[in-house]
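Visitor: Could you walk me through this one? I'd like to start with the strands and then move to the ligands.

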Amino acid sequence: MTALSVLSVAAEVFPLVKTGGLADVTGALPAALAAEGVIVRTLLPGYPAVMAAIKGGKVVLSLPSLFGGGARVLAATAHGLDLLVLDAPHLFDRPGNPYLGPDGRDWPDNPIRFAALARAAATIATTPALRPDIVHCHDWQSGLVPAYLHYTAAKAPPTVMTVHNLAFPGKAAPSLLATLGLPPHAYAIDGVEFHGTISLLKAGLQFADRITTVSPTYATEIQTRDAGMGFDGLLHHRAAALTGILNGIDTTIWNPATDPPPPPPLSATDRTGRPANKAALQRELGLSTDAPGPLFAVISRLTHQKGMDLLLEALPTLLRQGGQLAVLGTGEAWIESALRDAVSPGRIACVLGYDEALAHRIQAGADALLVPSRFEPCGLTQLCALRYGCVPVVARVGGLADTVIDANPAALAAGVATGIQFAPESASQLEAAIRRTAALYSDSTAWLALQANGTATDVSWRGPARQYAALYRSLLAARA
Ligand code: ADP
Ligand code: GLC
């Protein structure tokens, strides 16, 4: 197997910068791909946290005039990742959230900031000393890379565009076309034009050699009007180039055998740590330790996508079943305030914030993880839940449909069920799912079987990495 090099281009990479699952994926995939003979270098913006983490780095490229300022690309390693960092202070030397200014709104120059990332990627991809075999782009922030490589005269490597979430089109005003460095004819239906504006994601979907998304079901859903977010026509047209490859999770980070303290479930047959974890979690969050029903949990961005309004509606049912709820999340102000209002001592706890360590303690201690998403490209929290023996209760959409096996009578009889699914995504179906969960929970044999099947599920990156490696190799073979 000959080694193959990939330039991964992303705006978020765990543990350096993260707002969601995108960072988990770009942070974990390189190590999994290494086992497949694929060497990944990741280009990301030099946000303050990234610059601090790399402490220096070697200049491999100078970009004296990059969208209004001087920039450099620095090569460095951090957390086992081989990084190329775009040091462009005029665009990225801004603390906090990578996309939002102090007023909580998108930085107005976001299209320019991420065009700069894409321009740097395209320059790397066409510089002989740096040129990778493949360029792999993630979401709208790197969507312009395939467009820049399409419009260049230089010899360019093949590109893969991965859609993590179609809900973020990366819009830019049409008047920015020339500023973005695109030719006038790029503003067309077979270019970067998207319903009267420019979409950076559309650029990637239009010009990448291959498109992937993060689950087979989402790959099908996004070709339909309902879930296509305006891209369905294009995606349907490009169906032959589109595949769904499920995400995995980093099983060294999400490892119940070593996740400290207290000792969490150890294996499919030994979940002895769970009751202690649950009691500790309940005490930490001010929940009573004598509730008769399951302790449900949510770890999520609090947005419309994640169906948090459905959860709010279902709370009376959850409590009637003797259940408890622990929420960890941040997001839209109205959901945060409704959840704050819903807090009920002993029964419903809510931590509004971002806390990686608490997310682990919740997975190790809660009985069931609720993921009532309206759409979910893949979802990672249900994968972590499976591994930790926390039973996922999910809407039957996207990657949630692909990763959880519903505890219907046939699956229970066959001994393969790993969780509870509901459809369609409505409060009443969520309530029915909560009732089913409570009934299963009260049957300790059935519940133990769900947990055992969950912990035995392969949620690692091994299989997905193999699929990405095969995709890269097929692209190179097609070019040969
Ligand atoms: P999305 O990327 O749509 O937000 P995913 O399920 O793919 O959803 O990934 C979410 C990631 O972010 C998971 O690793 C999850 O544990 C983490 N996460 C989400 N909200 C929080 C939070 N408030 N605190 C800690 N981790 C969180
Ligand atoms: C997006 C999606 C989520 C997916 C993640 C990583 O944020 O919303 O479903 O798991 O990207 O691919």
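**Strands and ligand shells**

Guide: Strands β13 (residues 295-302) and β14 (residues 324-331) run parallel and are joined by eight bridges. Strands here are DSSP runs of E with at least two residues, helices are runs of H or I with at least four, and both are numbered from the N terminus. This is a predicted model, in which local features need pLDDT of at least 70 and side-chain atom pairs count only at pLDDT 80 or more, while totals for chains, interfaces and linings use all residues. Residues are numbered from 1 along each chain as written, chains are lettered from A and ligands numbered from 1 in the order written, and side-chain values use heavy atoms, without hydrogens and water.

Visitor: Which residue is the bridge partner of V298 in β14?

Guide: V327 is the bridge partner of V298.

Visitor: What is the strand order in the open sheet?

Guide: The order is β15-β14-β13-β16-β17-β18, with parallel pairing; two strands pair if DSSP finds at least two bridges between them. β15 (348-352) and β18 (420-422) are at the edges with a single partner strand each, so one side of each has no neighbour in the sheet.

Visitor: Ligand 1 now. Which residues come nearest?

Guide: G21, D24, R301, K306 and G353, out of 18 residues around ligand 1. A residue counts as near if one of its heavy atoms lies within 4 Å.

Visitor: How much of ligand 1 does the protein cover?

Guide: The protein covers 93% of the 560 Å² of accessible area that ligand 1 has on its own, by the Shrake-Rupley method with a 1.4 Å probe.

Visitor: Which element gives the largest share of that shell?

Guide: β13, with three residues.

Visitor: And ligand 2, which residues are closest?

Guide: H164, N247, E376, C378 and G379 are the closest of the 14 residues that surround ligand 2. A polar side-chain atom of E376 lies 2.5 Å from an oxygen atom of ligand 2, and a backbone N or O atom of G379 lies 2.8 Å from an oxygen atom of ligand 2.

Visitor: Which helix gives the most to the shell around ligand 2?

Guide: Helix α1 (residues 21-34), with three residues.

Terms used. A polar contact is a pair of N or O atoms within 3.5 Å; within protein, one must be able to donate a hydrogen and the other to accept it, and residues adjacent in sequence count only if both atoms are side-chain atoms.
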